[in-house]
Amino acid sequence: MARFTLPRDLYHGKGALEALKSFTGKKAMICVGGGSMKRFGFLDRAVAYLKEAGMEVELFEGIEPDPSVETVMRGAEAMLKFEPDWIIAMGGGSPIDAAGVFFCFLHRCSGLLHPSGCSLCPIFAETFFRSVN
């Protein structure tokens, strides 16, 4: 049997991205695609908020549309190496989908169960994101 749990925290409205600075943990990995989050300043703001929260931040960039198996495996390897407390996915569906698979590798997949308390946070835009714990 599989189980899907909806997020328990929803943030929306002006300034919702600032909630990242209230997240607790030591490490966060931000996953992004082709560069729009960087071009529009959202990536820099997210990094700054996470650092303000006291976290070490790494980026996993270049997630292509309909992520390839190779990209997903590189991301999963990066997650296992970095051991983030948070996986932050920013942008469109592809970074969010890939980050979900990275999260799965850390927690749910046979042989790759990871003991950290890692959480997944997809960010669709500044006006809406959800936190999955």
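Okay, one term before we start: a residue is buried if its relative accessible area is under 20%, exposed if over 50%, and partly exposed in between, using a 1.4 Å probe and protein chains only. Helices (H or I, at least four residues) and strands (E, at least two) are DSSP runs, numbered from the N terminus.

This is a predicted model, so to speak of local features I need pLDDT of at least 70, side-chain atom pairs count only at pLDDT 80 or more, and totals for chains, interfaces and linings use all residues. Residues are numbered from 1 along each chain as its sequence is written, and side-chain values use heavy atoms, with hydrogens and water left out.

The protein chain has 4 helices and 6 strands, and from the N terminus on they run β-β-α-α-β-α-β-α-β-β. Of the 133 residues in the protein chain, 44% are buried. The chain exposes about 7400 Å², with carbon and sulfur atoms supplying 55% of that (areas from the Shrake-Rupley method with a 1.4 Å probe; for residues, only the protein chains shown count as cover).

Now contacts, meaning heavy atoms within 4.5 Å. Take the contacts in the protein chain with a separation of 6 or more: 74% of them are between residues 24 or more positions apart.

Let's go to helix 3. It has 14 residues and reaches 20 Å from its first C-alpha to its last, close to the 20 Å expected at 1.5 Å a residue. That expected span is 1.5 Å times one less than the number of residues.

Which residues of helix 3 are buried? They are Thr-71, Val-72, Gly-75, Ala-76, Ala-78, Met-79 and Phe-82. Looking down the axis of helix 3, the buried residues fall within an arc of 160°, so they line one face of the helix. The arc is taken from the directions from the helix axis to the C-beta atoms. As background, an α-helix has 3.6 residues a turn, so residues three or four places apart point the same way.

On the other side of helix 3, Val-69, Glu-70, Glu-77 and Lys-81 are exposed. And what do the buried residues of helix 3 pack against? Strand 2, strand 3, strand 4 and helix 4 (93-107).

Pick Thr-71 as one example from helix 3. Thr-71 is buried, with a relative accessible area of 4%. Leaving aside neighbours within four places in sequence, Thr-71 is in contact with Phe-60, Ile-63, Glu-64 and Phe-102.

Two of those names come up again with the aromatics. Rings of Phe, Tyr and Trp (its six-membered ring) pair if their centres lie within 6.5 Å; planes under 30 degrees apart count as stacked, over 60 as edge-to-face and the rest as tilted. By that rule the count is 2 aromatic pairs. One of them is Phe-60 with Phe-102, edge-to-face, at 5.3 Å centre to centre and 80° between the planes. That pair links distant parts of the chain, with Phe-60 in strand 3 and Phe-102 in helix 4, 42 residues apart. Both Phe-60 and Phe-102 are buried.

Next, strand 4, which is 86-90. Here 5 of the 5 residues are buried, so strand 4 is largely enclosed by the rest of the structure. Both faces are covered: Trp-86, Ile-88 and Met-90 are buried on one side, Ile-87 and Ala-89 on the other. In a regular strand, the side chains alternate between the two faces of the sheet.

Strand 4 runs parallel to strand 2, and 4 bridges join them. Two strands pair if DSSP finds at least two bridges between them. For instance, the bridge partner of Cys-31 in strand 4 is Ala-89.

Now the loops. Most residues other than glycine have a negative phi. Glu-83 follows helix 3 and has a positive phi, near 55°. Glu-83 is partly exposed, at 42% relative accessibility. Asp-66 also has a positive phi, near 50°. Asp-66 sits in the loop between strand 3 (56-60) and helix 3 (69-82), and Asp-66 is exposed, with a relative accessible area of 70%.

Last stop, Lys-21, in the loop between strand 1 (9-12) and strand 2 (27-31). Buried, exposed or partly exposed? Lys-21 counts as partly exposed, at 31% relative accessibility. Not counting residues up to four places away in sequence, Lys-21 touches Tyr-49, Glu-52 and Ala-53. The C-alpha atoms of Lys-21 and Met-55 are separated by 9.2 Å, and the two residues are 34 apart along the chain.
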